[in-house]
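Please look over the sequence and the structure first.

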Amino acid sequence: MKLHNLTPSPTLALDAKVKALQSHGQSILNFSLGEPNFSTPTNICEAATRAIYEGLTHYTAVAGLPTLREAIVEKLWRENKVRYSPAEIIVSVGAKMVLYLAFQVLLNPGDEVLVPTPTWSTYIEQIKMAGGIPVFAPLRPPFKLRAVDLQKHITSHTKVILLNSPSNPTGAIIDEEELEKIGELAIKNNLIIISDEIYDKIVYRSMPLSIAALSPEIQSRTIIINGLSKAYAMTGWRVGYAAGPREIIDTMVALQGQTTSNTCSVAQAAAIEALCGTQESIMYMVQEFAERRNYLLDALKDLTFVPPEGAFYLFVSVEKYLNKKVPSSSQWCEALLEQERVAVVPGEAFLYPGYFRMSFAASMKDLKKGVQHITRFIHSL
Ligand code: PLP
């Protein structure tokens, strides 16, 4: 079997375990998934319903509905100050699939991809599936990526620099002056930049421009990845997109045409409304995330973490609590689940042991209970 070494998504595996416990009647406080607890806003659902009854139920263009690609072009100009044409956009089955297509198209066997850690494990498995080699650039708290952190890992095999800002799991945002230096590094070493900006609307400080907006030269070697899952509470709809050089996008479209075809037509109609309709519910959700973040910063102030600048995760160190009985963060998280029925994701899932990731895309009521349980667990150690 070819992909026998493929590691299943640790967060989805943990979520499956939580759901299994819940189906046996156990009440679990689940802070493991990167999924907003809000329902998709009504205007978006209504647009999808209309699309069904208006007969938008057939295959669409493989790259995505032209109107949706135009809406994405508009979003990238309005919010990220970078200009594309619809032919430089592909819509796919979530940002995950867009990343998969990009790695498949870009990487030859042995090509190296620079990945700052802690990082989202999906990148690593997708790079390996494409025959590439992930090369880690480990960061220390406060986990703010600088160009020098990447520079020392560049070899003659390096092909891609992977950026994720705001980051999953740390919430760190890469500062604009570092983006400029990373862009220069990419130009000097003839590298492609994949910039995953899926959390760009969920921020607690101002968001710098996309790296692609810094110069036409940088844009010509950058693929922006984004999607609707997080900002619009649309995880189940599966709409993500990429913007990048025409030749790369065309090849990703060709690969999509031979695999999934387009993403769901109705979900695409919903995405048009999400991007072009009222943004009020998004503002409300981000405000809620900010309140939950502020609550946790205070309620968990005795724990060790860097306040996240974006996304909806707290990445907490448990190093000081590890001992012979509980020697690793994964065992620590298992014990927390068994003893207190609280699910968080161990740092091992982000190539960064000694930590756990707690999502605050959960209700304030659950977060308050979660804080009590986590505190009680720590005192029991
Ligand atoms: N990129 C990052 C950094 C993520 O955290 C996630 C989801 O957890 C994704 C991409 C994928 O999002 P989706 O496939 O739902 O669009």
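The count of salt bridges comes to 16, where a salt bridge is a side-chain nitrogen of Lys or Arg within 4 Å of a carboxyl oxygen of Asp or Glu. The model is predicted: local features need pLDDT of at least 70, side-chain atom pairs count only at pLDDT 80 or more, and totals for chains, interfaces and linings use all residues. Residues are numbered from 1 along each chain as its sequence is written, and side-chain values use heavy atoms, with hydrogens and water left out.

**Salt bridges**

- Side chains of opposite charge can pair when their charged atoms come close.
- Glu125 pairs with Lys128 in a salt bridge, with 3.7 Å between the closest N and O atoms.
- Both Glu125 and Lys128 sit in helix H5 (residues 121-129), 3 residues apart, or about one turn of the helix. Helices (H or I, at least four residues) and strands (E, at least two) are DSSP runs, numbered from the N terminus.
- Glu125 counts as buried because its relative accessibility is 13%. Lys128 counts as partly exposed, at 44%. Buried means under 20% relative accessible area, exposed over 50%, and partly exposed in between (1.4 Å probe, protein chains only).
- Lys144 and Asp175 form a salt bridge of 3.1 Å, N to O. This pair links distant parts of the chain, 31 residues apart. Lys144 is in the loop between strand S4 (133-138) and helix H6 (147-151), and Asp175 is in the loop between strand S5 (158-164) and H7.
- Lys144 is partly exposed at 22% relative accessibility. Asp175 is partly exposed too, with a relative accessible area of 26%.
- Glu309 also forms a salt bridge with Lys144, the closest N and O atoms being 2.9 Å apart. Glu309 lies in the loop between strand S9 (304-305) and strand S10 (313-317), and Lys144 in the loop between S4 and H6, so the pair ties together parts 165 residues apart in sequence.
- Glu309 counts as buried, at 18% relative accessibility.

**Aromatic pairs**

- The whole structure holds 18 aromatic pairs. Rings of Phe, Tyr and Trp (its six-membered ring) pair if their centres lie within 6.5 Å; planes under 30 degrees apart count as stacked, over 60 as edge-to-face and the rest as tilted.
- Tyr199 and Tyr313 form an edge-to-face aromatic pair, 5.7 Å centre to centre, with 80 degrees between the planes.
- Tyr199 is in the loop between strand S6 (192-196) and helix H8 (216-219), and Tyr313 is in strand S10. The pair links distant parts of the chain, 114 residues apart.
- Tyr199 is buried at 3% relative accessibility, and Tyr313 is buried with a relative accessible area of 0%.
- Tyr204 and Phe360 form a tilted aromatic pair, 6.4 Å centre to centre, with 45 degrees between the planes. Tyr204 lies in the loop between S6 and H8 and Phe360 in the loop between strand S13 (355-359) and helix H13 (364-380), so the pair ties together parts 156 residues apart in sequence.
- Tyr204 and Phe360 are both buried.
- Ring pairs link Phe38, Tyr199, Tyr284, Phe289, Phe312 and Tyr313 into a cluster.

**Exposed side chain**

- Glu184 belongs to helix H7 (residues 176-188). Glu184 is exposed because its relative accessible area is 53%.
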